[in-house]
Amino acid sequence: MTRADAVAAVRNPLAFIAARWTPDPKTVQRAALAALVMSVVIVVTGGAVRLTGSGLGCPTWPKCTEDSINNTAEMGIHGYIEFGNRMLTYVLCAAVGWAIIAARSEKPYRRGLTRLGWAQFWVVMGNAVLGGIVVLVGLNPYTVAAHFLLSTVLIAVATVMWQRTREGDAAPRPLVGKAVQQLVRVLLVVTVLLIAVGTVVTGAGPHAGDSSEVERMPLDWENVSKLHAVLAWIVVTLTFALWFVLKAVDAPRGPLSRTRDLFLVLLAQGAIGYVQYFTDLPEVLVGAHMFGSCLVWIATLRVLLSLRERPSAEIEVPGPAAESTLTRA
């Protein structure tokens, strides 16, 4: 490496790597999928922190204690769990960084894809700060809910990026009519409400996240749980109706398959939800329900994204007449 190369690498490392590496399209897809998987993992491990009562295992932030950046043996298992979850944030950053580098290096350069990678990075940074605030305010349930919802935004961006790695950059072409598109938009909105109300159930429920006295939302969590169940049934009904509509209009296989996948995920999630409700919310089932929430969200977004196709942009090739004109010129 020459001195000029070193200077260029310091000034713009992404451009330096992109000039020397062209990843295979499958590599870009795997990088985007890795970022999506890690965005789900960080939600599940964050739930494990809460469900094991380790939310204040590290009582301060950004250090674990006032004198140590990491946990100490005296802090016990809760310190290890909380600090371990904090360390997973670096793994998430590495996965997002790989997705950004792969997208930036792909040829031809796809600006929109790279921007989706950077959007994930900034959401991760914002959620890391919000996670620190959650600790500093003693697991205030409203900040905990916001922390989860921002993670949901991260999953949404990661899902869109993963989908875009398997598409071209031509203008999107709808595969279904406007009525079906509107039905899916309603499904998406109700799913967002379902997830949001789920955070309220958690904020008012018995799993405060720490063994100490932690503030809860001043609501009857059983009534909120019933509202959550009603919204879940609405989502299931809309999904079932969507499948019938798609069959009736002879829709392409993509939307039908994605709708079927969503319906199956909803059935599994509903079964877990009812079992945990009638068994007094055992921690394992609550954790499984959080994982299911991520899958429901991803499946819903995939239904939305399946309603259109984006083929590769066509490159115009001069015809014989144009070629002869260029030759004479």
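Predicted model: local features only at pLDDT ≥ 70, side-chain atom pairs only at ≥ 80, totals over all residues.
**Figure 1. Ala-251 sits in the loop between α8 (221-248) and α9 (253-278).** Ala-251 counts as buried, because its relative accessibility is 10% and the cut-off is under 20%. Leaving aside neighbours within four places in sequence, Ala-251 is in contact with Val-176, Leu-246 and Leu-256. For a sense of scale, take Ile-101, which is 150 residues away from Ala-251 along the chain: the two C-alpha atoms are separated by 37 Å.

Figure 2. Asp-250 is found in the loop between α8 and α9. Its phi is near 55°, a positive value in a residue that isn't glycine. Most residues other than glycine have a negative phi. Is Asp-250 buried or exposed? Asp-250 is exposed, with a relative accessible area of 67%.

**Figure 3. Leu-281 is another non-glycine residue with a positive phi.** The phi of Leu-281 is near 55°, and the residue is found in the loop between α9 and α10. Leu-281 counts as buried, since its relative accessibility comes to 12%.

**Figure 4. A cis peptide bond joins Trp-61 and Pro-62.** Omega for the Trp-61 to Pro-62 bond is about 5°. Pro-62 lies in the loop between α3 and α4. Most peptide bonds are trans.

**Figure 5. The bond from Lys-107 to Pro-108 is cis as well.** Here omega is near -5°. Where is Pro-108? Look in the loop between α4 and α5.

**Figure 6. Cys-58 and Cys-64 form a disulfide.** A disulfide is a covalent bond between the sulfur atoms of two cysteines. In this pair, Cys-58 and Cys-64, the sulfur atoms are 1.9 Å apart, and the count for the model comes to one disulfide. Which hand does the disulfide have? The torsion about the S-S bond of Cys-58 and Cys-64 is about -75°, so the disulfide is left-handed. Cys-58 is buried, with a relative accessible area of 0%, and Cys-64 is buried too, also at 0%.

**Figure 7. Cys-93 and Cys-294 are each too far from another cysteine sulfur for a bond.** Start with Cys-93: the closest cysteine sulfur belongs to Cys-58, and at 17 Å that is too far for a bond. Cys-93 is partly exposed, with a relative accessible area of 22%. For Cys-294, the closest cysteine sulfur is in Cys-93, and that distance is 18 Å, again too far for a bond. Cys-294 counts as buried, because its relative accessibility is 3%.

**Figure 8. The largest nonpolar core holds 36 residues.** The members that touch the most other members are Leu-36, Val-43, Leu-92, Val-96, Ile-155, Met-161 and Trp-297. Two or more residues each come from α3 (25-51), α4 (76-105), α5 (111-136), α6 (141-165), α7 (178-204) and α10 (283-305). Which element gives the largest share? That would be α3, with nine residues. Zoom in on Leu-36 and you'll find that it touches Ile-155, Ala-158, Thr-159, Trp-162 and Ile-298, not counting residues up to four places away in sequence. Apart from this core lies another one, of 23 residues, including Val-190, Leu-231, Leu-246 and Leu-307. Leu-246 also turned up in Figure 1, as a contact of Ala-251.

**Figure 9. Ala-15 is placed in helix α2 (residues 13-18).** Ala-15 is partly exposed, with a relative accessible area of 24%. Ala-15 and Ser-105 are 90 residues apart in sequence, yet their C-alpha atoms are 7.8 Å apart in space.

**Figure 10. Stepping back, the protein chain has 11 helices and two strands.** From the N terminus on, the elements run α-α-α-α-α-α-β-α-α-α-α-β-α. The C-alpha atoms fill a box of roughly 85 × 65 × 25 Å, taken along the principal axes. Of the 329 residues in the chain, 43% are buried. Among contacts between residues at least 6 apart in sequence, 78% join residues at least 24 apart. The chain exposes about 17500 Å², and carbon and sulfur atoms supply 66% of that. As for charges, there are 28 positive and 22 negative ones, and their mean positions are 12 Å apart.

Terms used
Residues numbered from 1 in each chain as written. Heavy atoms only, no water. Core = buried A, V, L, I, M, F, W, Y, C linked by side-chain atoms within 4.5 Å. Buried < 20%, exposed > 50% of the residue type's maximum accessible area, 1.4 Å probe, protein only. Helix = DSSP H or I, 4+ residues; strand = E, 2+ residues; numbered from the N terminus. Contact = heavy atoms within 4.5 Å. Disulfide = S-S within 2.5 Å. Areas by Shrake-Rupley, 256 points an atom, 1.4 Å probe, with all protein chains shown as cover. Lys, Arg positive; Asp, Glu negative; His and termini not counted. Charge placed at Lys NZ, Arg CZ, Asp CG, Glu CD.
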